[in-house]
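Please look over the sequence and the 3D view before going through the points below.

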Amino acid sequence: MSSPTYTVSLWFRKILVPIDGSENSMRALELATDFSLRYGSKVTVIHACSTCDEAEHIKKKVEERVGDKIDYDFKIIKISKDSSVPNEILKVINEDTYDAVIMGSRGTSVNSDINIGSTVLSVAANASITVIIVR
């Protein structure tokens, strides 16, 4: 039997977790928390919004879910009229050196018939890094 390797800790040193407050995004946060506890990953949580009225509520949900298990950064990204949530997430990915994005499969949209949301589809198709989709 070979000795254990720590390849995963090199693959997931820095993780981005976009949060919209949905249960799927919170499960994605739990997975990122687990990676951080097991492999020492640095987690950055972002919330992209146009009015950002709900930002404090989202931040509280994140604090309740993570508690003091890990240290993480929380950033609010204000979306301009000319942009969209996927574009802002991709911009954050390209401006920093993240190793992976972990995000929920479907957010807070009203159509419950879809299995995967347009935001995660856009990010998964256009991101230059690993995207893990949590259902």
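Accessible areas here come from the Shrake-Rupley method with a 1.4 Å probe. On that basis the protein chain exposes about 7,900 Å², and carbon and sulfur atoms supply 49% of this area. The model is a predicted one. Its protein chain holds five helices and five strands, and along the sequence they follow the pattern α-β-α-β-α-β-α-β-α-β.

**The chain as a whole**

- Of the 135 residues in the protein chain, 41% are buried.
- Among contacts in the protein chain with a separation of 6 or more, 75% are between residues 24 or more positions apart.

**The sheet**

- The five strands form an open sheet with parallel pairing, in the order β3-β2-β1-β4-β5.
- At the edges of this sheet stand β3 (72-78) and β5 (130-134), each of which pairs on one side only.
- From one strand to the next, the twist averages 25 degrees.
- In a regular strand, side chains alternate between the two faces of the sheet.

**Strand β1**

- Strand β1 covers residues 14-18, and four of its five residues are buried, so β1 is largely enclosed by the rest of the structure.
- The parallel strands β1 and β2 are joined by five bridges.
- Within this pairing, K14 stands opposite K42 in β2.
- Between β1 and β2 the chain passes through α2, and this β-α-β crossover is right-handed.
- The parallel strands β1 and β4 are joined by two bridges.
- The bridge partner of L16 is V101, which lies in β4.

- I46 in β2 is the bridge partner of P18.
- I46 also has a bridge partner in β3, namely K75.
- Strand β2 spans residues 42-49 and pairs with β3 in the parallel sense over seven bridges.
- V45 stands opposite F74 in β3.

**Helices on the sheet**

- Helix α2 (residues 23-39) packs on the sheet and touches β1, β2, β4 (100-104) and β5.
- The direction of α2 makes about 145 degrees with that of β4.
- Helix α4 (residues 85-95) lies across β1, β2, β3 and β4.
- Relative to β1, helix α4 runs at about 165 degrees.

**Helix α2 in detail**

- Helix α2 has 17 residues, which at 1.5 Å a residue should span 24 Å; its end C-alpha atoms are 24 Å apart, which agrees.
- The buried residues of α2 are N24, S25, M26, A28, L29, A32, T33, F35 and S36.
- These buried residues pack against α1 (7-11), β1, β2, α3 (55-66), β4 and β5.
- After α2 comes G40, whose phi is positive, near 75 degrees.

**Residue S36**

- S36 is found in helix α2.
- The relative accessible area of S36 is 11%, and the cut-off for buried is under 20%, so S36 counts as buried.
- Not counting residues up to four places away in sequence, S36 touches S41, V43 and I70.

**Residue I129**

- I129 is found in the loop between α5 (118-126) and β5.
- Although I129 and T97 are 32 residues apart in sequence, their C-alpha atoms are 9.4 Å apart in space.
- Leaving aside neighbours within four places in sequence, I129 is in contact with I93, Y98, D99, A100 and V101.

Note on methods:
Residues are numbered from 1 along each chain as its sequence is written. This is a predicted model: local features need pLDDT of at least 70, side-chain atom pairs count only at pLDDT 80 or more; totals for chains, interfaces and linings use all residues. Side-chain values use heavy atoms; hydrogens and water are left out. Two strands pair if DSSP finds at least two bridges between them. Axes are lines fitted to C-alpha atoms, for helices over the stretch in contact, and angles run from 0 to 180 degrees between N-to-C directions. Contact means heavy atoms within 4.5 Å. Buried means under 20% relative accessible area, exposed over 50%, partly exposed in between (1.4 Å probe, protein chains only). A crossover is right-handed if, with the strands pointing away from the viewer, the path from the first strand over the helix to the second runs clockwise. The expected span of a helix is 1.5 Å times one less than its number of residues.
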